[in-house]
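User: I would like a close look at one part of this model, its charged side-chain pairs. Please give cut-offs as you go.

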Amino acid sequence: MVIVVVGVVVGVVSETGGLFTENGMRKGRKPVSRDVVEAIQRGRLMDAMVQVVAEHGYAAATVPRVTGRAGMSRLTFYQLFENRADCFLAAFDHALERMRASMVEACVGQRSWLAMVRAGLLAVLELLESEPQLARFCVVAALGVDERVLERRAEALSELAAVLHAGVGHGRGQAGAGRSPLLSEGLVGATFSLVHARLLASPGKPDLVELHGELMSLLVLPYLGSAAASRELTREHDAPTGPSGSHMRARARPNADGPRSLGAHVRLLTGRTVAVLVFLGECPGASNRAVAAAVGIGDEGQMSRLLRRLEGEGVVSNRGGGWERGLANEWALTRLGSELDAEIRACAAAGGAR
C-alpha cells in the first residue's frame with residue numbers, strides 16, 4: 001500500500017484521551033509498543049506544525065505553540081525532534097510523500113504522456129485544494145525555513161521536471177524535439193509560482209482545481225504545440241463528487257471503471273478520519289456524539305461534516321434513521337472502511353513502519 005502510515009501517524013489520538021491512556025496503554029487492551037506510541041506522537045506534532053504554520057507563519061510556530069496545539073509536553077517534543085526546524089522538515093517530507101503518492105495513484109492506467117501529466121497535476125491540485133493548511137504549509141511557508149527544506153523542495157521539483165521532460169518528441173511533427181531539460185524545470189517552477197500566487201490571493205479555501213486547464217495549456221505548449229494547448233484550455237473536467245461542497249473529483253481512467261481502489265482512499269485520510277475508522281471498527285452503531293467523544297472533537301457540526309464526508313467517500317454508512325427523520329445516527333464501517341481499518345491496524349502491529 002502507498003504511504004499507509006499517513007493514517008497511523010497523523011493525529012490519531014491525544015496524549016491523555018481518546019483510544020489511549022497517557023502512557024500509551026490501549027484502554028481495555030494489551031499495551032501498545034513504544035514504537036507505535038512514538039509514531040503517533042510524532043504524527044500529532046507534525047500535524048500541529050502544519051496547522052500553526054499555515055495559520056500564523058513559521059516565525060510564530062514556536063515549540064510551545066506547536067505542543068499546545070498538539071496537546072503534548074515540550075519534553076515529548078524534544079524527545080522526538082531536535083528543534084522546530086526538524087519538526088517542520090519531518091512534516092514537509094511527509095506532505096511530499098502524500099503528494100507523490102497522489103500523483104502515482106492517479107497516473108496508474110494512463111496510456112499516454114499527456115494523460116499522465118493531466119491526471120497527476122489534477123491529483124496534486126485536488127489534494128492541495130481539499131487541505132488548504134497543507135497547501136500553505138508546503139507551497140508558501142516552505143520557502144522561508146532553512147536550507148534543508150529548500151533542498152527537499154528542489155529535489156521534488158526536479159522529479160516533476162523529469163516527468164515533464166519525457167514529453168519531448170510526443171507531439172505530432174516532433175513539436176517538442178530538442179527541448180532542453182531546463183525548459184521543463186522552468187515550466188514546473190512557473191506552475192508552482194501560479195499556485196503560490198493563488199494561495200496568497202485566497203485567504204480562505206483556494207480554488208486551485210480551476211487552474212487545471214490553464215496550467216495544462218502552459219505545460220504542454222512547448223511539447224505538443226498550440227493546438228493541444230488550446231484543447232487543454234477548453235477541455236471539460238470531471239464533475240465534483242462526494243458530499244455537498246466537496247471539490248474532490250473522481251478521476252476517470254481508461255478501462256478503470258468501478259469504485260476507487262483502497263489505495264486511493266488511504267491517501268485521502270487524515271489523523272481524525274483514521275481515529276474515526278479505528279473507533280467504529282470496535283464500536284459499530286455509534287452515534288455522532290459517541291464518535292466525537294472518542295476521537296476528541298468537541299464541535300458537533302465539525303463531527304457531522306466529517307462523518308458525512310467519510311460517508312461520501314464510501315468508507316462509513318449510517319444504519320440509523322438520521323436526524324432528518326428524528327432518529328439517532330448509527331455509524332458503521334462499510335466493506336471498504338473495514339479494509340482500511342485492517343490496513344491501519346496491520347501497520348500499527350508492524351511497529352508503525354514507515
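Which residues are linked in a network of salt bridges?

Analyst: The residues in the network are Glu97, Arg100 and Glu159. A salt bridge here is a side-chain nitrogen of Lys or Arg within 4 Å of a carboxyl oxygen of Asp or Glu. The model is a predicted one, in which local features need pLDDT of at least 70 and side-chain atom pairs count only at pLDDT 80 or more, while totals for chains, interfaces and linings use all residues. Numbering runs from 1 along each chain as its sequence is written, and side-chain values use heavy atoms, with hydrogens and water left out.

Over the whole structure, the search returns eight salt bridges. One of them joins Glu131 and Arg98, with an N to O distance of 2.7 Å. This pair links distant parts of the chain, 33 residues apart: Arg98 sits in helix H5, Glu131 in the loop between helix H6 (113–130) and helix H7 (132–140). Helices are DSSP runs of H or I with at least four residues, numbered from the N terminus. Glu131 and Arg98 are both buried, where buried means under 20% relative accessible area, exposed over 50% and partly exposed in between, using a 1.4 Å probe and protein chains only.

A second pair is Arg118 with Glu232, at 2.5 Å from N to O. Here too, distant parts of the chain are linked: Arg118 belongs to helix H6 and Glu232 to helix H11 (residues 226–234), 114 residues apart. Arg118 is buried, as is Glu232.

Glu210 and Arg198 form another salt bridge, and their closest N and O atoms are 2.7 Å apart. Because Glu210 lies in the loop between helix H9 (181–201) and helix H10 (212–224) and Arg198 in helix H9, the pair ties together parts that are 12 residues apart in sequence. Glu210 has 52% relative accessibility and therefore counts as exposed. Arg198, at 22%, counts as partly exposed.

Note on methods. Helices (H or I, at least four residues) and strands (E, at least two) are DSSP runs, numbered from the N terminus.
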